[in-house]
Amino acid sequence: MSCSSQIHNFEFKMENIEKAVKSGRLLSMEIEVTLKCNFRCPYCYVPNKEAPENELSLDEIKDVILQARDLGAEKIILLGGEPAIHPNILTIIRFIRNHAMEVEIFTNGSMITENFAEELYKNRVRVVLKMNTFDEKLQDVLTGQKGSFKVIQKAFSNLRQAGYPSKQAFLAVSTIICRQNLDEIPKLWRWLRGRNIAPYFEIITPQENALTNEWLNVRPEKLKDIFYLISEIDRKEYGYIWDPQPPLMGNRCMRHQFSCLVTSRGDVMPCVGINIPIGSIRKKRLADIIKDSEVLKNLKNYKQTIKGPCGVCEKADTCYGCRGAAFQMTGDYLASDPLCWKNIDKTDEIVSLPCPVNGLIPQKPPMRVVDNILMIGERTAEVSVTIAEDMPFIGSDGVVDETVYLEMMAQAIAAFNGFINAGRTSCSHEGLLLGAKKLTISGQSKVGDRLNISVFKQARYGDFGIIKGIITREDEVVADGEIKIWHKS
């Protein structure tokens, strides 16, 4: 069996992905129908599942599903929390199927009764059941819920009774790779393959709950060993041929080429790991959000934008590591993946935020009036500066001249562009501050003050951009306004 046929379990043919990228369309969309959950998994990316507020209504869910369909989506992936807890989950599933799209649901199994399993089979829902181990006590630990092992096994029984797995009814198991189940991974893999259940084994993304539960972590060298072992097992015993690469065993995660995530509150993000809001479906159409997103554009253009060792890796055409791990560990969604075993000896080549602006902008001291870039997001960045005595535009009383605030905004946006383009041979530092409007000075700053400069790209017309800037000292706004810049493309 070929590598490409294996990838089809969860993704799409490469030629279809390439067409979607060129046309700016979708092949799938993930949607959190609710963040409510009855498990408390210590690796979960959801920080608080107690009482989510302001979640999408059923009408809003239906509307964004239709928007995704109009953009070419063939599959809708239902996430949570626990999506099956949603009171209208069957209505949502039937709605998707009635509009000729596939449905895939990631579930902990707690709601899969005999009747629900039959409904899933009737609607040809692709089911991905979460299970991490055959050890009952360990499974309960990894769900934070006593009795979860029995719940999952009962779900398996109900799904099998309903007709899963079969040609008409796809069944997979989602397993996180952690220190506690590492030795059990080969047994789990063989058990699933032997029952025609697709294994969906994934490295933990270091975010939210996983950050406070480091006892789960597996070192990159250990990840390499287990990935290569399973690759050999799959090749020799089952005829599946695939190259080991993070974050998925037997698969490639390149979802940013053709998919996006809609959260339970309507924010659109590249994926659960890159939790940068790029827009809200409550304020803007999905098509416009996707078309206007610089983050998605950079991810789709990964062969030119990924930085560091991942960008020059021999597998860079078909792999960019885990973008979620890169973002969570460095603050930069274009950074190299620190969890990839190929980067074990190259961590000093992976830049993390915050970082100095040295080399990112053309200005040198004393004309450089920003120090560090702190954060990047969708057309936004935060930059800081500590006012030094040798900086220009400082009076004898140590107070900063108001004219320097415009230069701070201009250098902040230059640092943002420089950081995004770092490592590209074709990038340029050329740019000019052309003017300003609506500038309001609300306070003073002096030598020793630490200022934060937030910049947002409001609009762009060819090489010209309109930037909104806000300068603060702690919680006090010192200056804000709009600047017009020219930046060489």
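Reader: Which residues form one aromatic cluster with Phe156?

Author: In this predicted model, local features need pLDDT of at least 70 and side-chain atom pairs count only at pLDDT 80 or more, whereas totals for chains, interfaces and linings use all residues. Residues are numbered from 1 along each chain as its sequence is written, and side-chain values use heavy atoms, with hydrogens and water left out. Phe134, Phe156 and Trp191 form one aromatic cluster.

Reader: How many aromatic pairs does the structure hold, and what counts as a pair?

Author: Rings of Phe, Tyr and Trp (its six-membered ring) pair if their centres lie within 6.5 Å, and planes under 30 degrees apart are called stacked, over 60 edge-to-face and the rest tilted. The structure holds 10 such pairs. One of them joins Tyr121 and Tyr164 edge-to-face, at 6.0 Å centre to centre and with 80 degrees between the planes. Tyr121 lies in helix α5 (residues 114-122) and Tyr164 in the loop between α7 (148-162) and β5 (171-177), so this pair ties together parts that are 43 residues apart in sequence; helices (H or I, at least four residues) and strands (E, at least two) are DSSP runs, numbered from the N terminus.

Reader: Is Tyr164 buried or exposed?

Author: Buried means under 20% relative accessible area, exposed over 50%, and partly exposed in between (1.4 Å probe, protein chains only). Tyr164, at 3% relative accessibility, is buried, while Tyr121, at 23%, is partly exposed.

Reader: What is the geometry of the rings of Phe156 and Trp191?

Author: Their centres are 5.7 Å apart and their planes stand at 80 degrees, so the pair is edge-to-face.
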